[in-house]
Amino acid sequence: MSRRLSFYVHIPYCIKRCGYCDFNTYTPAELKGPDLLSVSSNYISAALAEIGMAHKVVGEAHVPSIFFGGGTPSLMPAQELASIIAEIRSRFSLLPDAEITIEVNPDSVTSEFLSEMRTAGANRISMGMQSAVPHVLQVLDRTHNPENVSTAVGKARAAGFEHVSVDLIYGAPKESFDDWRISVEAALSIPIDHISAYALIVEKGTKLAAQISRGELELPPEDETAEKYRYADDQFIAAGFDWYELSNWSRSGGSCKHNIAYWDGSYWWGVGPGAHSYLDNKRWWNVKHPNTYIQKVSEGVLPALNEEELTEENLADEFIMLQIRRREGIPLDRLNNKQIENCREYLTTGYLDEQSWRDGKLTLTQSGRLIADRIVRTLVM
Ligand SMILES: C[S@@+](CC[C@H](N)C(=O)[O-])C[C@H]1O[C@@H](n2cnc3c(N)ncnc32)[C@H](O)[C@@H]1O
Ligand code: SF4
């Protein structure tokens, strides 16, 4: 029987780096090129070659999902992204109901791009909205005008995209509670079936981290950020979204199959610089720089930088770390007696759902989701 293999395709380019972001992405200026098309010119052929290598390693496989992430995939010409879908389709068996997602930036998405991608088989858009409030977008160093989000979502719907998601960030410096309320209301006023809302992480080495350490910006109090999560969760649920993972909510049929495949421990191949792959208890990750990546692939060698073999113990710990964030929770029979005893205090203090516990599962309540990391530390030692 053929196995299942999802594809993540990394597009490592952005026009400008947002102050908070430490993703593996490069601007034309960082790559010392005049514009994006010239710095990325050999990239897609390298990605196509890596897909050929994946086929040599894996052999036959059914592909249930493809995810173009970044960076900013919507900066690439649609026919180049379409050629990647076509290559996966020709080497593997792309399932008829496969989910094909493209991350897009509201500023760099046109109706032509969207309809070409739809024709190529893409059926899900994930848009970086972040906030609807201009001064918060400014702190986040985002270039887009907030009104572009609903215009871009309208274009995606008109192009026939069934599934549209937006990403929000809460807890940025200068974001008041009312600002967050405005962003949540704005997200709920557009025709989407999925929302990801992430608490801002101040990543080391970013412009934002430097601004905070120089005292130019200050993070809002932690309690307020926790209240923002509660508020968003209540509003999303009232609007017909269900939480299915700590930072992800969807309307019926809108949950992201690709992310679920990661959390389920399914196999995936990450194409592109810095991308991670997971197959047969082995994880590996590619060289980080796009030029090194292109060089390696053009020499016909796998662009992996390093790999690790996951032991039974690693896999059990990962299962707990990922599964605790999900609505289905952790089946109690996957925990040992000590882990169950360590969790009891969280049950009596309202952080774990009592009904689920009686049904044999450890599931976080809304309060529990706010301290998920602390609960994980009592389970994974
Ligand atoms: C890497 S971006 C790709 C999408 C696209 N480039 C964009 O930004 O619109 C994916 C998402 O990760 C989230 N993200 C990136 N850095 C983050 C950080 N430091 N803290 C919280 N969320 C972050 C943002 O919500 C962003 O939309
Ligand atoms: S556009 Fe997205 S990937 Fe690019 S720097 Fe900003 S958050 Fe990071």
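Select R283 to begin, a residue that lies in strand β12 (residues 282-286), where strands are DSSP runs of E with at least two residues, helices are runs of H or I with at least four, and both are numbered from the N terminus. This is a predicted model, in which local features need pLDDT of at least 70 and side-chain atom pairs count only at pLDDT 80 or more, while totals for chains, interfaces and linings use all residues. Residues are numbered from 1 along each chain as its sequence is written, chains are lettered from A and ligands numbered from 1 in the order in which they are written, and side-chain values use heavy atoms, with hydrogens and water left out.

Is R283 buried or exposed? R283 counts as buried because its relative accessibility is 12%, and buried means under 20% relative accessible area, exposed over 50% and partly exposed in between, with a 1.4 Å probe and protein chains only.

Next, select helix α4 (residues 111-119), in which F113, L114 and M117 are buried. They cover an arc of only 95° around the axis, which puts them on the same side of α4; the arc is that of the directions from the helix axis to the C-beta atoms. On the other side of α4, you will find E112 and T119 exposed. The buried residues of α4 pack against α3 (78-91), β4 (93-104), β5 (124-130) and α6 (147-158), with contact meaning heavy atoms within 4.5 Å. Just after α4, look at G121, which takes a positive phi of about 115°.

Now move to ligand 1, which is surrounded by 17 residues, the closest being G71, Q130, R142, D167 and I201; a residue is near a molecule if one of its heavy atoms lies within 4 Å of it. Select D167, and you will see that a polar side-chain atom lies 2.7 Å from an oxygen atom of ligand 1. For I201, a backbone N or O atom lies 2.8 Å from a nitrogen atom of ligand 1.

Methods
Polar contact = N/O pair within 3.5 Å; in protein donor to acceptor, adjacent residues only side chain to side chain.
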